[in-house]
Amino acid sequence: MRWGTYFAVTAAVVIVGLALGVTLPLVSLRLESWGYGPFAIGVMAAMPAVGVLLGARLTGRLAGALGTPRTLRLCLLASAFSVGLLALLPYYPLWLLLRLLIGISLTVVFVLGESWINQLVEERLRGRLVALYGTGFALSQLAGPLALTVIGSASDLGFWLSVALLVGGSAVLLGHSGAPQVDAHSASGRGLGLFCRRLPAIAWAVVLFAAFESMVLTLLPVYLLREGFAQETALLMASVVVVGDALLQLPIGLLADRVSRATLFRVCGVLLLLSSLAIPALLHTPLIWPLLVVFGAAAGGLYTLSLILVGQFYRDDALVRANAHIALLWGAGCLLGPLSTGAASQWLSGHALPLLMAAGAALFVWLAWRRGAFQAPAAD
């Protein structure tokens, strides 16, 4: 196994998480200060999701033409350029376009980066090494909001910090090889419906976690502000959710190499359902802090176990194709989560965010307990 390449690719994707952890809440807080409502902020938060839907279909062509390492580096640089323009051109309509471009380029990074990692790791170490990647990514997103509490949201320093990080992530990948060989049509996104029919619980887990993550970094701080918390406390509470995501991913990965992965999957779904339902009742009590940890850990476990199982079931071109499907499902979750939560928060209930997460978790629990939910799919 190429340990140097594993850590280099993991580091590059983790750097992306740190950049996103700074820019996503910064954009939402900036729009809030400009007087935009939850729906307008939700539309902005959903734009990268549209980019995900486009980027997943471009990944195969780009990697087939340029090679996986070069494609990753170029997309990181394109993301850095787009984030820089957010600071230079602060106009809502233009920001929508820039967030779309960021979504396209970073989707390519995630599809190829996660495929590269899953291709490298040995089966006996798959759970813990995929979870180690997930832990690093979650910690990087935790560091983003914490950094924002230090540098503040009034200036553009957060945008420029993200630019520097993305450029650095591109440099980390120089000189590494061993990526999956990608045919120009392997990651085109074809066959998504078949993937969802074969692995419906995994497909919905990806959608649900994508909605969770996009809302935690964009709408959760706004939700907490509207519930009476100070900005610093709201950002800290969002960070605590990411702490929960980060803290338990490695233990989950270790368990996934020793016990039934299906059982772990179901336990995470039940915990997400229960914690989501409890948030409105416990929001203004001391119990909210450990509850937020459980909320983040359960949601993060869904995605970590999805990646572990996909890596177990698929290899080479099929693995890249499966990760392209995951990216499309991720885009759907990022699109539906902020839009539905923003609209419901403005026109139905102030507690729409945790209640919609509870509904999504309930659907996952139902799918996960169906017969054959986690059997290896037949070959394409």
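**Helix packing and the nonpolar core**

A256 is buried, with a relative accessible area of 3%; buried here means under 20% relative accessible area, with exposed being over 50% and partly exposed in between (1.4 Å probe, protein chains only). The model is a predicted one, in which local features need pLDDT of at least 70, side-chain atom pairs count only at pLDDT 80 or more, and totals for chains, interfaces and linings use all residues. Residues are numbered from 1 along each chain as its sequence is written, and side-chain values use heavy atoms, with hydrogens and water left out.

A256 sits in helix α9 (residues 231–256). Helices are DSSP runs of H or I with at least four residues, strands are runs of E with at least two, and both are numbered from the N terminus. Setting aside neighbours within four places in sequence, A256 is in contact with G127, R261, L264, L305 and I308, where contact means heavy atoms within 4.5 Å. From A256 to L125 it is 131 residues in sequence, yet 9.6 Å in space, C-alpha to C-alpha.

Now to the core. A nonpolar core is a set of buried Ala, Val, Leu, Ile, Met, Phe, Trp, Tyr and Cys residues joined through side-chain atoms within 4.5 Å. The largest one holds 130 residues, and F265, L272 and F374 touch the most other members. Helix α8 (residues 200–226) gives the most to this core, namely 18 residues. L272 is in contact with L208, F295, A298, A299, L302, M357 and A361, once neighbours within four places in sequence are left aside.

F374 belongs to the segment after α13 (352–368) and is buried, at a relative accessible area of 15%. Not counting residues up to four places away in sequence, F374 touches A201, I202, A262, F265, R266, L309, F313 and A368. One of these, A262, is 112 residues from F374 along the chain, with the two C-alpha atoms separated by 6.4 Å.

Next come the helix pairs. Axes are lines fitted to C-alpha atoms, for helices over the stretch in contact, and angles run from 0 to 180 degrees between N-to-C directions. Helix α3 (residues 68–88) packs on helix α6 (residues 157–172) at an angle of about 170°, with their axes 8 Å apart. That makes α3 roughly antiparallel to α6; angles over 145 degrees count as roughly antiparallel, under 35 as roughly parallel, 65 to 115 as roughly perpendicular and the rest as oblique. By class, this contact of α3 with α6 has 12 nonpolar, 5 polar and 1 charged residues. Ala, Val, Leu, Ile, Met, Phe, Trp, Tyr, Cys and Pro count as nonpolar, Asp, Glu, Lys and Arg as charged, and the others, Gly among them, as polar.

Helix α2 (residues 38–66) also packs with α3, at about 120° and with the axes 7 Å apart. That makes α2 oblique to α3. L62, A63 and L66 in α2 meet T68, R70, T71 and L74 in α3, a contact with 4 nonpolar, 2 polar and 1 charged residues.

Helix α5 (residues 126–151) and helix α11 (residues 288–313) cross at roughly 135°, their axes coming within 9 Å. The two are therefore oblique to each other. On the α5 side the contact is made by R126, G127, V130, A131 and Y133, and on the α11 side by T304, L307, I308, G311 and Q312. Sorted by class, the contact of α5 with α11 has 5 nonpolar, 4 polar and 1 charged residues.
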